[in-house]
Amino acid sequence: MEGSTNLSLQISLARAYQYILVPTDRLLLRIWAALLWMKDVVILPAMKSVMAALLWLKEVIILPLMKVILAVCLVMLVFVFIEKVLMGFTSLYVKIFCRKPEKIYKCSPIEEDEELGSLAYPMVLVQIPMYNEKEVYQLSIRAACNITWPADRLIIQVLDDSTDLIIKELVYEECNRWLKKGKNIKYERRDNRKGYKAGALKIGMKHDYVQICEYVAMFDADFQPEPDFLIRTIPFLIHNPNLALVQARWKFVNADECMMTRLQEMSMDYHFKVEQESGSTSCGFFGFNGTAGVWRIQAINDAGGWEDRSTVEDMDLAVRATLRGWKFVYVGSIKVKSELPSTFKAYRYQQHRWSCGPAVLFKKLFWEILLAKKASFLKKFYIFYSFFFARRIVTHFVTFFFFCVLIPLTIFLPEIKIPKWALVHVPTAITLLNAVGTPSSIHLIVFWILFENVMSLHRSKAVIIGLCETGRATEWIVTKKLGDKSKAKTITASSKQSRVKLWDRFYPLELLMGVFLLLCGCYDFKFGNDYFFIFILLQSITFLVVGFGYVGIRAPRDD
């Protein structure tokens, strides 16, 4: 019985092998033969065709295009270098020969007159525009009310566009409190935000009590002028009738709050110490910073008043005023306390506005600059080339596209040779010229370079949006302020316990650039015969650190 069972099993296995396994083996052999045929007849020829097409694409399109882009970047780099050198030499000239504003312009103090009394002082308007400034509204109002100036010759105007009813009430109560102390303070509120800051300033100038004022000082909500601010600035305007604007320097109360604010301080110090000073010295023109300045109201009216066609209404007014023949002076010895953005989102919004606005304005003012009759050819050239083209368009493009895109891509294209002067000499010179703004932070220069390269991504994007006037070209997002330094630290400590949504913390563009540069750096480390990977990997790390949200502080509702 057991023998017959084994025999039956053997017969079943034999039949399975004959009818199932053998045909299956034959089928697999046929499939394998078909795959080999496809490899030899279809896949290999197709791959050869694709490789030939890629080689043709590289030789005929990619390499020539990259060489053209390289040439354009090199030309832009030279433009930036020349502009930096010219500004640097102008600033050096001011320091060596002591060509400070106090020695160039008459600015003797206002003389007391017993007969005239306070009438010896001109009427001055102080404007403080604000929008939902809960953390800082008291600082600016208190500082403005403490300015040393005859009470009957000073009007403080608070232009409140706040949409938060609680904040509106707080600002109103603060103004009322100072009104009861005898200060001539006016609280003005609009029903809409048409024109944003420019709209508020424009409406503010239309009030009847403003018509008796000769000068207007402007301060953003986080700015705190010293009591002698008007005493030191107004004499420039009184004794020099051709001057329209006196611009003071910003001093940052939270510069040491975090690494990001330290790096911002380096950029802003260079802007004031070199850019503003060189413009003031060479041709009496520079961009109004929108705050911490005093205008001659006659010049504002002569230039056509405030315009809301871009997000840089201050620059718009400055250009139109200089085209009408007015001059400006920058006085670096007068400093006004202010606050730097300490959250990365706030800084990004600010930089978008500051980069996109000039591009929009450049388009809108092009023909007006070209056809201006009261501006000399040299003044027009300075506005076109130095003020707009080199500083506000070319600088952002060459920083991002040359250092963050083109150089990493050349790793895969050894045929593209970048001159040593463009890789080492000129960038080093530009870096050293920028470092003179804040000598105490020169040890942070490498971090500053890497962070500025990251920000050039957003600035370049903003310039393109501005030139095309699409997307967020005219979007105005108020830079979030956190108040004084100790308060900011308190918020930082409490925010560590607040839950932040994962997608709110990450920045996709920075992460994408970080991964791209990481791949380029690793490829160069493995196959390259240069040391590009050192810079590229450091830049990649910086992009990734920023992309993962580990820069600046995080405050609750940081959006």
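Before the first stop, one term: a residue is buried when its relative accessible area is under 20%, exposed when it is over 50%, and partly exposed in between, using a 1.4 Å probe and protein chains only. This is a predicted model, where local features need pLDDT of at least 70, side-chain atom pairs count only at pLDDT 80 or more, and totals for chains, interfaces and linings use all residues. Residues are numbered from 1 along each chain as its sequence is written, and side-chain values use heavy atoms, with hydrogens and water left out.

**The whole chain**

Start with everything shown as a cartoon. You will find 17 helices and seven strands; these are DSSP runs numbered from the N terminus, helices being H or I with at least four residues and strands E with at least two. Of the 559 residues in the chain, 51% are buried. Contact here means heavy atoms within 4.5 Å. Among contacts with a separation of 6 or more, 82% join residues 24 or more positions apart.

**Stop one: A292**

Select A292, in the loop between α7 and β6 (293-296). Most residues other than glycine have a negative phi. A292 is not a glycine, yet its phi is positive, about 60°. Is A292 buried or exposed? A292 is buried, with a relative accessible area of 0%.

**Stop two: α7 against α13**

Now select residues 259-283 (α7) and 445-468 (α13): their axes come within 10 Å and cross at roughly 85°. That makes α7 roughly perpendicular to α13. Axes are lines fitted to C-alpha atoms, for helices over the stretch in contact, and angles run from 0 to 180 degrees between N-to-C directions. Angles of 65 to 115 degrees count as roughly perpendicular, under 35 as roughly parallel, over 145 as roughly antiparallel, and the rest as oblique.

Show side chains for M260, L263, M266 and S267 of α7, which meet I445, F447, W448, F451 and E452 of α13. By class, this contact has seven nonpolar, one polar and one charged residues. Nonpolar covers Ala, Val, Leu, Ile, Met, Phe, Trp, Tyr, Cys and Pro, charged covers Asp, Glu, Lys and Arg, and the others, Gly among them, are polar.

**Stop three: E469**

Move to E469, in the loop between α13 and α14 (485-495). E469 is another residue to check for its backbone: phi is positive at about 55°, although E469 is not a glycine. With 36% relative accessibility, E469 counts as partly exposed.

**Stop four: A359**

Which helix holds A359? A359 lies in α10 and is buried, with a relative accessible area of 1%. Leaving aside residues up to four places away in sequence, A359 touches V463, G466 and L467.

**Last stop: α17**

Finish by selecting residues 532-547, helix α17. Its buried residues include F533, I536, F543 and L544. Just after α17, G549 takes a positive phi of about 85°.

Notes
The expected span of a helix is 1.5 Å times one less than its number of residues.
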